[in-house]
Amino acid sequence: MFSSNRITKLLNIKYPIIQGAMAWVADADLAAAVSNGGGLGIIAAGNMPPEMLEQELIKVRSLTDKPFGLNIMLLSPTWQDALELAAAHDVPVVTTGAGMPGKVIDRLSPLGIKVIPVIASVAHAERVKKQGAAAVIAEGMEAGGHIGEITTMALTAQVSNVLDIPVVSAGGIADGRGMLAAFALGAEGIQMGTRFVCASECNAHENFKHKIIAANDRSTIVTGRALGHPVRSIKNKFTQIFQGMEEERAAIEELDKFGSGRLRAAVVDGDVENGSVMSGQIAGLVDRIQPASEIIEEVVGEARDLAGNIGSYFA
Ligand code: TUI
């Protein structure tokens with residue numbers, strides 16, 4: 001159903017589909033389900049205490065014999081612990097987010113661990129390529145969570161133009177149409193987050209999943225620009241108050257304090273009014289909970305059928 005390309009070969013997977021690394025959401029259960037379905041499942045280290053992360057790394061190997069990845073979020077105070085755990089557990093692939101991954105590449109590449117940074121601009125992409133990245137994930141501002149300023153369409157095409165290493169496209173992709181569009185722009189793989197939140201194997205609170213299912217195209221908002229870390233999430237009581245505070249130029253410390261612990265509240269406790277329901281703009285397209293393997297087969301099948309139809313326009 002998919003021949004192979006540089007991403008499937010690099011990662012040793014069946015389909016070039018990577019599961020987005022979502023803090024508090026992307027655990028061993030979700031990662032194993034995606035990897036067993038032929039994609040690359042990712043465990044998000046996020047702000048996880050190192051002991052808990054180590055348990056997840058042990059658990060994922062008990063659930064799958066397929067390759068998987070670990071995401072290191074570089075804004076986290078514990079990112080160096082995650083780095084050492086990746087080395088100690090010989091994690092096949094490491095993705096990074098929210099910063100420059102030079103130290104991660106220097107530490108892990110000599111061990112044969114493939115490092116694939118998430119980047120949000122052409123300049124970032126060129127820098128991580130020089131630092132030794134195996135591939136990049138070009139993430140547009142349609143994505144959920146911490147984002148850059150460039151759209152997926154503009155970013156994927158421009159990054160693909162300047163890099164000779166493979167490009168994976170992310171942000172605003174949740175079906176086969178998005179996959180095919182990414183390929184047309186020069187990507188050789190896609191990363192999906194929001195769609196995989198609604199996988200049956202995902203342990204995010206039911207309220208969080210239903211907030212995504214109920215969302216439409218205009219349901220998300222970007223807050224946190226004042227903090228220098230813009231974050232996209234679904235509009236709710238929390239974003240409304242936070243936005244008001246930003247408009248009134250509240251002190252950084254006050255905003256930081258107000259925002260602290262909100263993602264966990266939404267994902268773990270299911271408080272989707274006072275918590276941060278991070279989600280991409282494509283949430284409006286996600287309308288049901290289904291197994292990860294079914295999501296993957298559906299996306300690949302749609303892209304394949306559509307490629308045939310579109311090909312015929314040019315016959
Ligand atoms: O990292 C993400 N998405 C995330 S991280 C996260 S946890 C969080 N929670 C609250 C505030 C901040 C973070 C939730 N979602 N995606 C990858 C990504 N990386 N998006 C943007 C970037 C990025 C930004 C700047 C990558 C590199 C970069 O470099 C800046 C520099 O140092 O030049």
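Q: Two strands pair if DSSP finds at least two bridges between them. Which residue in strand 9 is the bridge partner of A170?

A: This model is predicted. In strand 9, A170 has Q191 as its bridge partner. Now look at the two strands as a whole. Strand 8 (residues 167-170) and strand 9 (residues 189-192) run parallel, and three bridges join them.

Q: What is the order of the strands in the open sheet?

A: Read the sheet from one side to the other. The order is 1-9-8-6-5-4-3-2. That makes eight strands, with parallel pairing. Strand 1 (17-19) and strand 2 (41-44) are the edge strands. Each of these two pairs on one side only. On average, neighbouring strands in this sheet are turned by 25° against each other, direction ignored.

Q: Which strands does helix 4 lie across?

A: Find residues 79-88, which form helix 4. Helix 4 lies across strand 3 (68-73) and strand 4 (93-97). Its angle to strand 3 is about 160°.

Q: How many residues surround the ligand?

A: Count the shell: 14 residues. The closest are A98, V118, H124, E139 and H146. By type, the shell has seven nonpolar, five polar and two charged residues.

Q: Which atoms of the ligand lie 3.2 Å, 3.1 Å and 2.9 Å from protein atoms?

A: Take them one at a time. A ligand oxygen is 3.2 Å from an N or O atom in the side chain of H124. A ligand nitrogen is 3.1 Å from an N or O atom in the side chain of E139. A ligand nitrogen is 2.9 Å from a polar backbone atom of H146. On its own, the ligand has 720 Å² of accessible area, and the protein covers 73% of that. Helix 6 (122-131) and strand 7 (145-146) are the elements that give two or more residues to the shell.

Technical notes: Residues numbered from 1 in each chain as written. Predicted model: local features only at pLDDT ≥ 70, side-chain atom pairs only at ≥ 80, totals over all residues. Heavy atoms only, no water. Near = heavy atom within 4 Å. Polar contact = N/O pair within 3.5 Å; in protein donor to acceptor, adjacent residues only side chain to side chain. Areas by Shrake-Rupley, 256 points an atom, 1.4 Å probe, with all protein chains shown as cover. Helix = DSSP H or I, 4+ residues; strand = E, 2+ residues; numbered from the N terminus. Nonpolar A, V, L, I, M, F, W, Y, C, P; charged D, E, K, R; others polar. Axes fitted to C-alpha atoms, helices over the stretch in contact; angles between N-to-C directions. Contact = heavy atoms within 4.5 Å.
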